[in-house]
Amino acid sequence: MLTLELVIVLLLVILVVAILASSIKVVPEYQRLVVFRLGRAIGIRGPGLVFLVPIIDRGVVVDLRESYIEVTRQTCITRDNAPVDIDLLIYFRVVDPARSVLEVRDFRGAAIGIATTTLRAVVGDIELDEVLAKREYINQVLRTKLDEVTMRWGVKVTAVEIREILPPRDVQEAMIRQMSAERNRRAMVTEADGKREASIRVAEGEKQSMILRAEGERQAAILRAEGVATALRMINDVAEKLDSRTLMLQYLESLKSIAAAPSTKIVLPLELFGLIRPLERISKALSGEGHE
């Protein structure tokens, strides 16, 4: 009998301890506890130590940290009827714990449903090339549309990021060929620009060389002309100091050299006849005296 009473007491103690343990909650800083009393929401508790009335109160834990939802690959049809596969991530955080529990039963499922329908609607208004180029625009539209709906659930959508966009295989191959052709075009343009620049530099070098060569020839011609002028001036100065006898001797010496040449014609300068006339008069005078 004593043993049975002891067992009953032990059971009662365990029951009391279990009830007390279930009624005492330690809520961390990043969580809140939405308390329901007999099914009616009576408020938000936490952080810290929270006491609940056993059996009567029930608490629902809400995490306030930013989290994300992974939306699996969705096939969307663009405005030009091209299928494209898109997967994305939705980042969110709870700003009103009570509304996040009372206003929506499954927030993650609801957010995924809104994201997929909105994504198809947005992509359906854009052509394929714009879908690939306007990733940031699609992110912004999705975030705005989701935020408009989720705010009534006490949830704030902080960001939407498209993770991957996969166009059809034939479109991918065409894009690869286009990128290859564009790289080849850029290489050819760069090569042509290099050749043009080299040709311009060579032409400029040749022009400078011709200018320097012409300048050198002009300076050489000036120096030669100055040398000839100096030589003629010196000859003229010497010639002014010569008398008629000296000139006559020079002419005779020249005639001697000309006569030694095999030529049959001898060209005499007029000045020579002017020098010979005195000799002619002297010769006539001597002939007259002898005749007498």
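Predicted model: local features only at pLDDT ≥ 70, side-chain atom pairs only at ≥ 80, totals over all residues.
1. **Packing of α3 and α5.** Helix α3 covers residues 107–124. Helix α5 covers residues 135–150. The two pack at an angle of about 135°, and their axes are 10 Å apart. Angles over 145 degrees count as roughly antiparallel, so α3 and α5 are classed as oblique to each other. The crossing of α3 past α5 is right-handed.

2. From α3 come Phe 107, Ala 111, Ile 114, Ala 115, Thr 118, Leu 119 and Val 122. They meet Ile 138, Val 141, Leu 142, Lys 145, Leu 146, Val 149 and Thr 150 of α5. By class, the contact residues divide into 11 nonpolar, 2 polar and 1 charged.

3. **Asp 147.** This residue also sits in helix α5. Is Asp 147 buried or exposed? Its relative accessibility is 11%, and the cut-off for buried is under 20%, so Asp 147 counts as buried. The side chain of Asp 147 makes a polar contact with the side chain of Lys 156, at 2.6 Å. Leaving aside residues up to four places away in sequence, Asp 147 touches Val 155, Lys 156 and Val 157.

4. **Glu 29.** Look next at the loop between β1 (24–27) and β2 (31–37), where Glu 29 is placed. Glu 29 has 58% relative accessibility and therefore counts as exposed. Glu 29 and Arg 65 are 36 residues apart in sequence. In space, their C-alpha atoms are 9.9 Å apart.

5. **Leu 38.** Please check the backbone here. Leu 38 has a positive phi of about 55°, although it is not a glycine. Leu 38 lies in the loop between β2 and β3. With 72% relative accessibility, Leu 38 counts as exposed.

6. **A cis peptide bond.** Which peptide bond is cis, with omega near 0°? It is the one from Gly 46 to Pro 47. Pro 47 lies in the loop between β3 (40–45) and β4 (48–51).

7. **Ile 55.** Here is another backbone point. Phi of Ile 55 is near 70°, a positive value in a residue other than glycine. The residue lies in the loop between β4 and β5 (57–63). Ile 55 has a relative accessible area of 83%. The cut-off for exposed is over 50%, so Ile 55 is exposed.

Note on methods: Residues numbered from 1 in each chain as written. Heavy atoms only, no water. Helix = DSSP H or I, 4+ residues; strand = E, 2+ residues; numbered from the N terminus. Buried < 20%, exposed > 50% of the residue type's maximum accessible area, 1.4 Å probe, protein only. Polar contact = N/O pair within 3.5 Å; in protein donor to acceptor, adjacent residues only side chain to side chain. Contact = heavy atoms within 4.5 Å. Axes fitted to C-alpha atoms, helices over the stretch in contact; angles between N-to-C directions. Parallel < 35°, antiparallel > 145°, perpendicular 65-115°, else oblique. Left-handed = near helix turned anticlockwise from the far one by under 90°. Nonpolar A, V, L, I, M, F, W, Y, C, P; charged D, E, K, R; others polar.
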